[in-house]
Amino acid sequence: MQLYNTLSAKEREALIEEAGKDRLTISFYRYAHIGNPQIFRNYIFLAWDALEVLGRIYVAHEGINAQLSVPAENFEAFKAHLDSISFLENVRLNIAIEQDNKSFLKLKIKVRDKIVADGLNDDTFDVTDKGIHVGAEQFNELVEDPDTLLVDMRNHYESEIGHFKNAITPDVDTFRDSLDIIEKQLSGFKEDKKLVMYCTGGIRCEKASAYYKHKGFKQVYQLEGGIIDYTRQVKAKGLENKFMGKNFVFDQRRSERISDDIISNCHQCGEPCDTHVNCANEACHLLFIQCESCAAKMDYCCSEACKEIHALPEEVQKELRKGKTVSNKIFKKGRSEVLVYKKNPEQAVGTDFTSH
């Protein structure tokens, strides 16, 4: 019984090109009580592998978080399988605005302690006791209300290239960092302000909304379906788009353009740019923003030191990396002294919570 990948990313890429079939990039999540995550993980791996699903999926006692790619011709069969699972029936599927047949090249389903790491150890906190879900139209109304505090629940490298107008964008590396910071900074507004949150697809906001209700906030809202579904609703209903720039996504595409605004700068020269890349030095892989000019000048590297290593023969580079444990750094946080034009924490948009 095959319960793991047998093909490399390069082999899978070649098969996708040879097949010539369109694929759909999809994300979804559902908080639920799963008794045995390992058995559930194996069950869906067998079913999804047969449907040629690729992606990154986390399963835990608290639910499932999935970002994946499925052949368009298998979508209905995939949806039917989801509907056959009681807690996934009619689950919201966020279909990517911009499609890429190679957004994922392996099927990885992992069992985790939690589907969203939050650093919390509180048995009295119920993640299913969530805030009020709102669609794009009501969201637009809420953000114009002077009694609303609009908070971006994503990380600094996500909000740097795109965010909603007038949003608080904490300069944090992880979701777990943001929970306590926001609660502390906004504690004086628990009774009289509307706390409205958003993230990429809704999963972080849903947990955050339950957490802030648990902490005593009286009016807690979240953007249902996140930025992905907001964009879809805005286009379908002809609503005003209040999102500026790009929406960062966690697959090979790295982002989807939502508006023509470029609100960030190349981390190497300071020119307007919102293109994320990974340092071409395999031992570094730092995620940062790089314009075409700097990419050509720096050979797609983040520093002169990495450029020198990248210019070495591949065998020499492998020798330099030998014996060193390097985890998956595809989305390694873009913080480095070599990035001259990376914003410092005190320069981050909306960091001064007291002004809200």
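The legends below describe several close-up views of one predicted model.

Residues are numbered from 1 along each chain as its sequence is written. Because the model is predicted, local features need pLDDT of at least 70 and side-chain atom pairs count only at pLDDT 80 or more, while totals for chains, interfaces and linings use all residues, and side-chain values use heavy atoms, with hydrogens and water left out.

**View 1. Helix α2 beside helix α3.** Helix α2 covers residues 37-50 and helix α3 covers residues 75-83, and their axes come within 11 Å and cross at roughly 160° (helices are DSSP runs of H or I with at least four residues, numbered from the N terminus; axes are lines fitted to C-alpha atoms over the stretch in contact, with angles from 0 to 180 degrees between N-to-C directions). This angle makes α2 roughly antiparallel to α3, a word used for angles over 145 degrees, whereas 65 to 115 degrees count as roughly perpendicular. On the α2 side the contact is made by Y43, I44, A47 and W48, and on the α3 side by F78, H81 and L82, where contact means heavy atoms within 4.5 Å. These residues divide into 6 nonpolar, 1 polar and no charged (Ala, Val, Leu, Ile, Met, Phe, Trp, Tyr, Cys and Pro count as nonpolar, Asp, Glu, Lys and Arg as charged, and the others as polar).

**View 2. Helix α4 across helix α8.** The axes of α4 (residues 136-143) and α8 (residues 226-237) come within 9 Å and cross at roughly 100°, and that makes α4 roughly perpendicular to α8. A136, F139 and N140 of α4 meet Y230, Q233 and V234 of α8, and by class this contact has 4 nonpolar, 2 polar and no charged residues.

View 3. S178 lies in helix α6, which spans residues 175-185, and with a relative accessible area of 1% it is buried (buried means under 20%, exposed over 50%, with a 1.4 Å probe and protein chains only). Leaving aside residues up to four places away in sequence, S178 touches M153, V172 and Y212.

**View 4. The position of K322.** K322 is found in the segment after α11 (314-321), and K322 is exposed, with a relative accessible area of 57%. The C-alpha atoms of K322 and G162 are separated by 38 Å, and these residues are 160 residues apart along the chain.

**View 5. Confidence at residues 345-352.** Over this stretch pLDDT, the predictor's confidence in each residue from 0 to 100, stays under 50. Where pLDDT is low, the predicted coordinates should not be read in detail.

Conventions. Helix = DSSP H or I, 4+ residues; strand = E, 2+ residues; numbered from the N terminus. Parallel < 35°, antiparallel > 145°, perpendicular 65-115°, else oblique.
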